[in-house]
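Me: I am new to this structure. Can you walk me through it in short steps?

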Amino acid sequence: MIYAANFKTNHTRASTKAYMQALQEKLSAKKPEDHVYIFPPSTALDTFEGDFTIGTQNAYAAQNGAYTGEIGVEQLDEFGIKTILIGHSERREYMAETQAKVAEKFAFFKEQGFEIIYCIGEPLHIREKGFESVMQYLLAQFEGIDITYDNVIVAYEPIWAIGTGRSATVEEISSTHRALKKAINNKPLLYGGSAKPANILEIVSIAGVDGVLVGSASLDAESFSQMVLA
Ligand code: PGA
């Protein structure tokens, strides 16, 4: 299973360092086949000792250059970071990343050999229209994306379940993952959206779920490690 922690705009450099130390101690009990990823805010990127992979929540599709406020490959190389989240719904929505932009970013980081966690997800009004509309919406988020890329993990995150405390139901996750798995040639597929210690066992037991992408419940090392070790 894959357990990925997305801190979003939470934690400082100091609290991230303390988190990593606390997590590392707890992860000594982790199953060797389980893989943990942490995505801290960019100010807290660093090299950390531990049985986990550090990734970046975002980066600009450039080595370096005149892109005020952004970081590029050069800044990630300093810490040996070769993993990136692309397509998160918060970036699509608040940072106005269009599908074309997302696809451009994907192509660039693929070219750089990065491991890409590619996020997709539908808003509530689409979910309410029914399964066919959901799949149509989700498949459109693969436009311009080379899903045959070896180093890709897909994360299905229904937007209405993100940060709301209301996870998708087992049936919703199960049917969506079954259909998505076919569309993505059986690539690893994570679920994200209010995954937490209380529902982790139920979620990772669903066929077609290869792990979780966790926001809120990942912010505390104790809560996140409970999920990994559950
Ligand atoms: P959440 O966020 O766990 O707080 O719902 C998930 C995500 O956005 O990756």
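Reply: One term comes up at once: a residue counts as buried when its relative accessible area is under 20%, and as exposed when over 50%. Keep in mind that this is a predicted model.

Me: Why is strand β6 described as largely enclosed by the rest of the structure?
Reply: β6 covers residues 152–156. The reason lies in the burial count of this strand, so the number to look for is how many of its five residues are buried: five of the five.

Me: In which sense do β5 and β6 pair, and over how many bridges?
Reply: β5 covers residues 115–120. Within this pairing, C119 stands opposite A155 of β6. The sense is parallel, and the number of bridges is five.

Me: Which residue of β7 stands opposite A155?
Reply: β7 is made of residues 189–192. It runs parallel to β6, joined by three bridges. Facing A155 is L190.

Me: What is the hand of the β-α-β crossover from β6 to β7?
Reply: Leaving β6, the chain passes through helix α7, residues 170–183, and then reaches β7. Its hand is right-handed.

Me: How far apart are the end C-alpha atoms of α7?
Reply: α7 has 14 residues. At 1.5 Å a residue, the helix should span 20 Å. The model agrees, with the end C-alpha atoms at a distance of 20 Å.

Me: What covers the buried residues of α7?
Reply: The buried residues include I173, H177 and L180. Helices α5, α6 and α8 are among the elements that cover them. Strands take part too, including β5, β6 and β7.

Me: Which residue with a positive phi follows α7?
Reply: The phi in question is near 50°. The residue is N185.

Me: What is the radius of gyration of the protein?
Reply: The protein has nine helices and eight strands. Its C-alpha atoms fill a box of roughly 45 × 40 × 30 Å along the principal axes. For 230 residues, a compact globule would have a radius near 17 Å, and the protein agrees, with 17 Å.

Me: What share of the 230 residues is buried?
Reply: Take the contacts with a separation of 6 or more: 70% of them join residues 24 or more positions apart. The buried share of the residues is 51%.

Note on methods. Residues are numbered from 1 along each chain as its sequence is written. This is a predicted model: local features need pLDDT of at least 70, side-chain atom pairs count only at pLDDT 80 or more; totals for chains, interfaces and linings use all residues. Side-chain values use heavy atoms; hydrogens and water are left out. Buried means under 20% relative accessible area, exposed over 50%, partly exposed in between (1.4 Å probe, protein chains only). Helices (H or I, at least four residues) and strands (E, at least two) are DSSP runs, numbered from the N terminus. Two strands pair if DSSP finds at least two bridges between them. A crossover is right-handed if, with the strands pointing away from the viewer, the path from the first strand over the helix to the second runs clockwise. The radius of gyration is taken over C-alpha atoms; the globule rule is 2.2 Å times the number of residues to the power 0.38. Contact means heavy atoms within 4.5 Å. The expected span of a helix is 1.5 Å times one less than its number of residues.
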